[in-house]
Amino acid sequence: MIREKSSDLIENILLLLLSINLVSGIINYSMLKLPVLKIQLTSVILLFVLAILANRFTVEQITVGAICIAVTFISWMFYGATSEFLFLILLMIGGSLINPKKVLQLTAIITTCSLIFLFLLSKFGIITNLLFWKNGSYRQSFGMIYPLTFAAFVLYAVVSFSMVSFSDNSNHIWAIVIIILAITLNKYNQASVVSY
């Protein structure tokens, strides 16, 4: 019973750190001028350290994790690779102790709420809604640094929500919602893969 409560507490702290990482990561790609990069990196490091201290990794996980960390660290320090790969590996290792369903739920909720918040801020003129001219019309970024960034985060939320909410059975209402979102994003973000 005590071990179970301790395990739940550790997972809740890991989820909190993951939440901080998600929010700061989204803000980092927005027009909000907040110094969130250090917060994001700190949350990743704390997530990783707590996961290591929880000591719930198998020998195989430790071996693969150590190899991945070594490769990304050497690539960053000696070959000019971006440090983001190293922090991504630390996030993956630390987050691997969290229930995947909870990660998906958290991702869907936080991403959706953050996008709605940024959208409203941009529409009320509190932050800039960047406009880009393409094919005779304006592409809106809705508070993000680029229109495709907004569209990518919408896709991120849709995929997370889809994975956690539905079984193998078809859901026609959700399919219609996705189609409406795709049409809307194509109209206002012009989030198409092919450029004419």
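**Close-up views of a predicted model**

**Figure 1. S30 and its polar contacts.** A polar atom of the S30 side chain lies 3.1 Å from the backbone nitrogen of L32. The model shown here and in the other views is predicted. The S30 side chain also reaches back to I27, meeting its backbone oxygen at 2.7 Å. S30 sits in the loop between α1 and α2 (37-54). Its relative accessible area is 5%, so S30 counts as buried. Beyond four places in sequence, S30 touches L118, G143, M144 and I145.

**Figure 2. Overview of the fold.** The protein has 196 residues, of which 36% count as buried. Seven helices and two strands make up its secondary structure. From the N terminus, the order of elements is α-α-α-α-α-β-β-α-α. The C-alpha trace spans about 60 × 45 × 30 Å along its principal axes. Among contacts with a separation of 6 or more, 63% join residues 24 or more positions apart.

**Figure 3. The salt bridge between K102 and E11.** A search of the whole structure finds one salt bridge. Its partners are K102 and E11, whose closest N and O atoms are 2.7 Å apart. Are the two partners buried or partly exposed? K102 is partly exposed, with a relative accessible area of 31%. E11 is at 10% relative accessibility and therefore counts as buried. Side chains of opposite charge can pair when their charged atoms come close.

**Figure 4. Packing of α5 against α6.** Two packed helices are described by the angle between their axes and the distance between the axes. For α5 and helix α6 (residues 147-165), the angle is about 145 degrees. The axes of α5 and α6 lie 8 Å apart. Their crossing is left-handed. On the α5 side, the contact is formed by K101, L104, Q105, T107, A108, T111, T112 and L115. On the α6 side, these meet F150, F153, V154, Y156, A157, S160, F161, M163 and V164. What is the make-up of this contact in nonpolar, polar and charged residues? The contact of α5 with α6 holds eleven nonpolar, five polar and one charged.

**Figure 5. T107 within helix α5.** T107 is placed in helix α5 and takes part in the contact with α6. A relative accessible area of 5% makes T107 buried. Which backbone oxygen lies 2.7 Å from a polar atom of the T107 side chain? The backbone oxygen is that of V103. With neighbours within four places in sequence left aside, T107 is in contact with L22, Y156 and S160. Y156 and S160 both belong to the α6 side of the helix contact.

**Figure 6. S19 on helix α1.** S19 is found in helix α1. At 15% relative accessibility, S19 falls under the 20% limit, so S19 counts as buried. Its contacts outside four places in sequence are L106 and I110.

Figure 7. F142 lies in the loop between β2 (137-140) and α6. Its phi is near 50 degrees, a positive value in a residue other than glycine. Is F142 buried or exposed? At 7% relative accessibility, F142 counts as buried.

**Figure 8. C68 in helix α3.** C68 has its place in helix α3 (residues 59-79). At 29% relative accessibility, C68 counts as partly exposed. C68 and L90 are 22 residues apart in sequence. The C-alpha atoms of C68 and L90 are 9.1 Å apart in space.

How values were computed
Residues numbered from 1 in each chain as written. Predicted model: local features only at pLDDT ≥ 70, side-chain atom pairs only at ≥ 80, totals over all residues. Heavy atoms only, no water. Salt bridge = Lys/Arg side-chain N within 4 Å of Asp/Glu carboxyl O. Buried < 20%, exposed > 50% of the residue type's maximum accessible area, 1.4 Å probe, protein only. Axes fitted to C-alpha atoms, helices over the stretch in contact; angles between N-to-C directions. Helix = DSSP H or I, 4+ residues; strand = E, 2+ residues; numbered from the N terminus. Left-handed = near helix turned anticlockwise from the far one by under 90°. Contact = heavy atoms within 4.5 Å. Nonpolar A, V, L, I, M, F, W, Y, C, P; charged D, E, K, R; others polar. Polar contact = N/O pair within 3.5 Å; in protein donor to acceptor, adjacent residues only side chain to side chain.
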